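Here is a short tour of a protein chain, written for someone who likes to have the cut-offs alongside the numbers. Have the viewer open as you read.

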Amino acid sequence: MMVSWPWMKGIDVAIADPIPALNEYDDRPSVKDLISRHRAKIDNLTQEIQNDPLFDPNKHDDLWMLRFVLSHKKKNNKLDSAIKSAKYTLKFRKEHELDEEDIRPY
């Protein structure tokens with residue numbers, strides 16, 4: 001999949017195999033495992049916001065969706081809360097032109 005972020009033009013991005021644990025106490029799941037574990041929720045969220053005019057499937061991929069799924073997993077109405085937050089983020093980023101260029105200092 002090619003992404004459409006301006007600073008990643010021409011870069012083919014895929015979820016790589018998990019990196020090894022930092023030490024014997026590092027039992028965090030990999031991003032790949034988290035996406036697999038939350039696949040149905042990610043798909044539901046994607047389905048709910050895909051008709052938003054600011055949604056771009058090349059930018060707003062599984063990893064982007066996972067952030068909202070995990071951030072709202074303890075709320076009573078999880079999906080509605082994640083949808084509201086994702087749509088707000090789309091609007092905020094557009095209003096502040098945060099997707100126009102790479103603003104990272106490195």
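## A question to start

Which residues in H3 meet which residues in H4? Trp64, Arg67 and Phe68 in H3 meet Ala82, Ser85, Ala86, Thr89 and Leu90 in H4, where a contact means heavy atoms within 4.5 Å. We will come back to this pair below.

## How to read the numbers

This is a predicted model, in which local features need pLDDT of at least 70 and side-chain atom pairs count only at pLDDT 80 or more, while totals for chains, interfaces and linings use all residues. Residues are numbered from 1 along each chain as its sequence is written, and side-chain values use heavy atoms, with hydrogens and water left out.

## The chain as a whole

The chain has 4 helices and 0 strands, in the order α-α-α-α from the N terminus.

Among contacts between residues at least 6 apart in sequence, 55% join residues at least 24 apart.

## H3 against H4

Helix H3 (residues 62-71) packs with H4 at an angle of about 130 degrees, and their axes are 9 Å apart. Axes are lines fitted to C-alpha atoms, for helices over the stretch in contact, and angles run from 0 to 180 degrees between N-to-C directions. H3 and H4 are therefore oblique to each other, on a scale where angles under 35 degrees count as roughly parallel, over 145 as roughly antiparallel, 65 to 115 as roughly perpendicular and the rest as oblique.

The crossing of H3 and H4 is right-handed: a crossing has that hand if the near helix is turned clockwise from the far one by less than a right angle, and is left-handed if anticlockwise. By class, the contact of H3 with H4 has 5 nonpolar, 2 polar and 1 charged residues. Ala, Val, Leu, Ile, Met, Phe, Trp, Tyr, Cys and Pro count as nonpolar, Asp, Glu, Lys and Arg as charged, and the others, Gly among them, as polar.

## H2 and its two partners

Helix H2 (residues 39-49) and helix H4 (residues 78-95) pack at about 55 degrees, with their axes 10 Å apart. That makes H2 oblique to H4, and their crossing is right-handed. On the H2 side the contact is made by Asn44, Leu45, Glu48 and Ile49, and on the H4 side by Leu79, Ala82, Ile83, Ala86, Lys87 and Leu90. These residues divide into 7 nonpolar, 1 polar and 2 charged.

With H3, the picture is as follows: the axes of H2 and H3 come within 9 Å and cross at roughly 100 degrees, so H2 and H3 are roughly perpendicular to each other. Arg39, Lys41, Ile42, Leu45, Thr46 and Ile49 in H2 meet Asp62, Trp64, Met65, Leu66, Phe68 and Val69 in H3. The class count for the contact of H2 with H3 is 8 nonpolar, 1 polar and 3 charged.

## Residues to click on

In H3, Trp64, Met65, Leu66, Phe68 and Val69 are buried, and the buried residues of H3 pack against helix H1 (31-37), H2 and H4. Phe68 has a relative accessible area of 4%. Leaving aside neighbours within four places in sequence, Phe68 is in contact with Leu45, Ala82, Ser85, Ala86 and Thr89. Phe68 and Ala82 are 14 residues apart in sequence and 5.3 Å apart in space, C-alpha to C-alpha.

Not counting residues up to four places away in sequence, Asp52 touches Lys87 and Leu90. Glu97, in the segment after H4, is exposed at 55% relative accessible area, and the phi of Glu97 is near 50 degrees, a positive value in a residue other than glycine.

Notes: Helices (H or I, at least four residues) and strands (E, at least two) are DSSP runs, numbered from the N terminus. Buried means under 20% relative accessible area, exposed over 50%, partly exposed in between (1.4 Å probe, protein chains only).
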